[in-house]
Number of protein chains: 2
Amino acid sequence: MLGKLFGLGLGPGDPELVTVKAVRILKSVSAVAFPILEGKESFARSIADQYIPKEINQIPIVIPMTQDRLPAQKAYDKAAQEISEILDRGQDVACLCEGDPFFYGSFMYIFARLSKMYEVEIIPGVTSVTACAAAAKMPLLARNEHLTVIPGTLEPEDLRSRILNADAVVIMKVGRHLDKIKKVLEEVELSSEAVYVEYASLPAQKVLKLKNAPKTAPYFSMILVAKGADPWL
Amino acid sequence: MLGKLFGLGLGPGDPELVTVKAVRILKSVSAVAFPILEGKESFARSIADQYIPKEINQIPIVIPMTQDRLPAQKAYDKAAQEISEILDRGQDVACLCEGDPFFYGSFMYIFARLSKMYEVEIIPGVTSVTACAAAAKMPLLARNEHLTVIPGTLEPEDLRSRILNADAVVIMKVGRHLDKIKKVLEEVELSSEAVYVEYASLPAQKVLKLKNAPKTAPYFSMILVAKGADPWL
């Protein structure tokens, strides 16, 4: 009997935004694996901390800090190998994911390596998209409206057309792209409706009008624009 | 002292996908309010059922079955009035929402009526978007990809351009629009990549290739298309 692999969504950061199911699974598995940027704390690991039994086997997936894909691919290869050894012994493993495993989650790299050989269950989590909307008290979508989620890494021309073309826009991975995004939003005259959120649901959470956003944005920051044609009534 | 209003996201349907925070709040409030389509069960109420204390005050928001907005607006007016009477007594109220309160959630109509007068806290929930991706075992987004969420109610031309223009597409509110959506996906040659999911996370959950989708789709069904240019490695 092979063990089962869980892709465990843990939500945006507040340990209380973990689901009842994720808590139960954390108490049942033999090991947890989690991504960790070289030299940093694991964010996913920290969200789950209070729910992880002390005696559990822990598998850090150390991701090198580089834009080059190969070193990261090697890290996922190595982690997949370690996880498979535990699954082969018939023990279950949970891969910890901030947010949702399939929503910009690194779990998909483990999934791609192991899903053909082992039973895998994905536990969805609260994403930072709705956590930011909740923090900003900004309704995102109603009735027949549509939403576009884009990374801030896009080129200005691409950002502009996607922003103009949607009822509601969520710009993720703002970080060092803040100035570029601000400029595009000013050009299309949506700057005053835009809200900046960083560290949603964490003690360090900040919600600001875009014009008051700090000069330097962390990676876990987001800009929301709901065009608000609808009076929500 | 006025009471506090909670917009409580309860996730896609499985009671285990409720967050630890929502469970705690359900045990602390004096009343719960929940939408209920005339003559039906309340889906939000059913998700929360096992967490709601028996003695709690319950406020059904009965939404008439009509496309006309006015009767629904009157129902929200009446519910807002009932909720405010409880808040005025200094007691807290939770509005129950399937999925997430600000993601196609009817809570925004209560929010629009009460947020200027009372303290409101939004508790984000797992949306059906990531619950469907989890059920379909289909990674949605990685790296610099972007996502579009559209309602199936759009006109074919609008559906077509939005589908062609995104890396990953989630089509919600499929229901009676299934045939129209299928035709558009066939025309743009994305039909074979498309996955149909109904009742994600519930015992009745079905995950099918789009071509095997049933003739009649329920309201709570969704079509996912991840174009899969990226090998997820």
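Two residues are taken to be in contact if their C-beta atoms, placed from the backbone, lie within 7 Å. By that criterion, 48 residues of chain B are in contact with 48 residues of chain A. The elements listed below, which are DSSP runs numbered from the N terminus (helices H or I of at least four residues, strands E of at least two), each supply at least two residues of the side of chain B that touches chain A.

| Element of chain B | Residues |
|---|---|
| α1 | 20-28 |
| α4 | 107-114 |
| β5 | 119-123 |
| α5 | 128-135 |
| β6 | 147-151 |

With five residues, β6(B) gives the most to this side.

This is a predicted model, in which local features need pLDDT of at least 70 and side-chain atom pairs count only at pLDDT 80 or more, while totals for chains, interfaces and linings use all residues. Residues are numbered from 1 along each chain as its sequence is written, and chains are lettered from A and ligands numbered from 1 in the order in which they are written. The model scores ipTM 0.95 and pTM 0.95.

Leaving aside neighbours within four places in sequence, L96(B) is in contact with L8(B), L10(B), V32(B), A33(B), F34(B), A44(B), R45(B) and A48(B).

Helices α6 (residues 156-164) and α7 (residues 178-187) of chain B pack with their axes 10 Å apart, at an angle of about 45 degrees (axes are lines fitted to C-alpha atoms over the stretch in contact, and angles run from 0 to 180 degrees between N-to-C directions). The contact joins P156(B), L159(B), R160(B) and I163(B) of α6(B) to K180(B), I181(B), V184(B) and E187(B) of α7(B).
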